[in-house]
Amino acid sequence: MINICLEDERIDDLQRNGYHIIQKKTGFCFGMDAVLLSGFARIKKGESMIDLGTGTGIIPILLQAKTEGDLFVGLEIQQEIADMASRSVRLNNLEHYVKIINGDIREASHIFGRASFDVVTSNPPYMNDTHGIKNPDLPKAISRHEILCTLEDVVRETSLLLKPGGRFFLVHRPRRLADIITILKKYKLEPKRLKMVHPFIDKEANMVLIEAVRGGGVMMNVEAPIIVFKEPGVYSDEIKTTYGY
């Protein structure tokens, strides 16, 4: 394994294809939401995808491992985080398949051009100005709160980046579901699949996975939910499969 890890970073095993990822020892790290999104997204052979707000690059790296897509791009506004994600790409010898770009989601369609991707994914900041306490650590705060972009920014740019019939895969919080569907429809992205994620079978959902299609027809399937834990500390079989255990 090549040594491209900084002093304040660590290298974690992704349990897929022998891949590893560089993360901050004490900073923001990828969570289960990103892994679940990589399991929910569908990338067909030869397709290109972009992940908006890619952070560590976890989603394009995992999707390259799990699918037969042709090109996987991650867009990240924070230079330091984008650099770390790029080093993870080099660590796994994925330079021909995965590209990390330092740039603003709000300018994505200008950076890449309209109708340039088959698939867009995003694990965007969940908290708007009326929810949650902003983290004093700016990189964490940017990842969790709508400081540098809003949900509408993500959806607007997604609609411009997608080819006709292209697919958008999103993970978010159920409490914002009404907003999500309203904004998706505003930008002609029709929700087609919805899957709730529950920590335990008897607990309310704390995540929602959505697939929307650019210019799709009006019909949505609500799929069986994901239950994360069978009992405290014991992952369900579906989660084990998603993580590659």
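This briefing walks through some features of the fold, from the whole chain down to single residues. The model is a predicted one. Its chain has eight helices and 13 strands, and 52% of the 245 residues count as buried.

**The chain as a whole**

- Let's start with contacts: among those in the chain with a separation of 6 or more, 69% are between residues 24 or more positions apart.
- The chain exposes about 11,500 Å², and carbon and sulfur atoms supply 52% of that area.

**Aromatic rings**

- Searching the whole structure turns up five aromatic pairs.
- In one of them, the ring centres of Phe 40 and Phe 169 are 6.0 Å apart and the planes stand at 85°, so this pair is edge-to-face.
- Elsewhere, look for one aromatic cluster formed by Phe 200, Phe 229, Tyr 235 and Tyr 243.

**Helix 6 and helix 7**

- Find helix 6 (residues 151–161) and helix 7 (residues 177–186): their axes come within 9 Å and cross at roughly 35°.
- The crossing of these two helices is right-handed.
- On the helix 6 side, Leu 151, Glu 152 and Val 155 take part in the meeting; on the helix 7 side, the partners are Ile 180, Ile 183, Leu 184 and Lys 186.
- Helix 6 is largely enclosed by the rest of the structure, because nine of its eleven residues are buried.
- Those buried residues include Leu 151 and Val 155, which also meet helix 7, along with Asp 153, Glu 157 and Thr 158.

**Two buried loop residues**

- Val 228 sits in the loop between strand 11 (226–227) and strand 12 (229–231).
- With a relative accessible area of 3%, Val 228 is buried.
- Not counting residues up to four places away in sequence, Val 228 touches Met 32, Val 197, His 198, Pro 199, Val 234, Tyr 235, Ser 236 and Ile 239.
- One of these, Ile 239, is eleven residues from Val 228 in sequence and 6.1 Å away in space, C-alpha to C-alpha.
- Tyr 235, another residue that Val 228 touches, is a member of the aromatic cluster described above.
- Thr 54 is found in the loop between strand 3 (48–52) and helix 2 (58–66).
- Thr 54 is buried, with a relative accessible area of 4%.
- Leaving aside neighbours within four places in sequence, Thr 54 is in contact with Pro 60, Gly 74, Leu 75, Glu 76 and Ile 100.

- As background, most residues other than glycine have a negative phi.
- Ala 115 has a positive phi, near 50°, and is not a glycine.
- You can find Ala 115 in the loop between helix 4 (108–112) and strand 6 (117–122), where Ala 115 is partly exposed at a relative accessible area of 33%.
- Lys 188 also has a positive phi, of about 60°, although it is not a glycine.
- Lys 188 lies in the loop between helix 7 and strand 8 (189–198).
- Lys 188 counts as exposed because its relative accessible area is 60%, and the cut-off for exposed is over 50%.

Definitions and conventions. Residues are numbered from 1 along each chain as its sequence is written. This is a predicted model: local features need pLDDT of at least 70, side-chain atom pairs count only at pLDDT 80 or more; totals for chains, interfaces and linings use all residues. Side-chain values use heavy atoms; hydrogens and water are left out. Helices (H or I, at least four residues) and strands (E, at least two) are DSSP runs, numbered from the N terminus. Buried means under 20% relative accessible area, exposed over 50%, partly exposed in between (1.4 Å probe, protein chains only). Contact means heavy atoms within 4.5 Å. Accessible areas come from the Shrake-Rupley method with a 1.4 Å probe; for residues, only the protein chains shown count as cover. Rings of Phe, Tyr and Trp (its six-membered ring) pair if their centres lie within 6.5 Å; planes under 30 degrees apart count as stacked, over 60 as edge-to-face and the rest as tilted. Axes are lines fitted to C-alpha atoms, for helices over the stretch in contact, and angles run from 0 to 180 degrees between N-to-C directions. A crossing is left-handed if the near helix is turned anticlockwise from the far one by less than a right angle, and right-handed if clockwise.
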